[in-house]
Amino acid sequence: MGNKLKLESGRSPCESEAIMTEMVLPQHTNAIGTVFGGVVMSWVDIAAAICAERHCHRQVVTASVDALSFLAPIKLGWIVTLKSSINYVWKTSCEVGVKVMAENPRTGESFQTATAYVTMVALDSNGRPTLMPPIEPETDDQKRRYEEAKARRISRLELKKQNEERRKQRAGEQE
């Protein structure tokens, strides 16, 4: 009963925000001294998972990564900070927004280098999707992100439907 009460009450996105910091080391970089995109993707996935697990107090898995946009290169020796926050919660999944900032420690200059929207799914003890508690956006920024997440989901589901129809059409042509 206590768990059900917790699940029914909404939580502020502030309660689960995560900030993760990394230093760019040689193993993170390519031949021109900038971070591999896959390394940034891995960091984004981890930051999103930490945020989602804090929100639902359960294990989570990544269902999709939407709109991962690389805005600027990140160089060897720089400091990378990832900020993640729950934007919206559906039944068993949530959208986590991740903002990637880079800092040149020699100049103190800091700027945004990437953004991503990650859909995470909560799992029960049997590894099956389970309910997530809702969020209650409080600030104007949280409310804006909440509404934008709903629109992204509609687009994501429409694209999924189109892709399934194309797959079925190709399968029918091959028979």
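Which strand holds Thr-119? Keep that in mind while you load the model, which is predicted.

**Whole protein**

Show everything as a cartoon. There are three helices and five strands. Trace them from the N terminus and the order reads α-β-α-β-β-β-β-α. The C-alpha atoms fill a box of roughly 55 × 50 × 35 Å along the principal axes.

Switch to a surface. Its accessible area is about 10,400 Å², with 52% belonging to carbon and sulfur atoms. Of the 175 residues, 37% are buried. Now colour by charge. The 24 positive and 22 negative charges have mean positions 2 Å apart.

**Stop one: Thr-119**

Select Thr-119. It lies in strand 5, residues 110-122. Thr-119 counts as buried because its relative accessible area is 8%, under the 20% cut-off. Next, select what it touches beyond four places in sequence: Val-61, Thr-62, Ala-63, Ser-64, Ser-93, Cys-94 and Arg-156. Keep Arg-156 highlighted.

**Stop two: Trp-90**

Move to Trp-90. This residue sits in the loop between strand 3 (79-89) and strand 4 (93-103). Is Trp-90 buried or exposed? Trp-90 is buried, with a relative accessible area of 16%.

Select its contacts, again leaving out neighbours within four places in sequence: Glu-95, Met-132, Ala-149, Arg-153 and Arg-156.

Finish with a distance. Pick the C-alpha atoms of Trp-90 and Val-121: they are 9.6 Å apart in space and 31 residues apart in sequence.

Methods:
Residues numbered from 1 in each chain as written. Predicted model: local features only at pLDDT ≥ 70, side-chain atom pairs only at ≥ 80, totals over all residues. Heavy atoms only, no water. Helix = DSSP H or I, 4+ residues; strand = E, 2+ residues; numbered from the N terminus. Buried < 20%, exposed > 50% of the residue type's maximum accessible area, 1.4 Å probe, protein only. Contact = heavy atoms within 4.5 Å. Areas by Shrake-Rupley, 256 points an atom, 1.4 Å probe, with all protein chains shown as cover. Lys, Arg positive; Asp, Glu negative; His and termini not counted. Charge placed at Lys NZ, Arg CZ, Asp CG, Glu CD.
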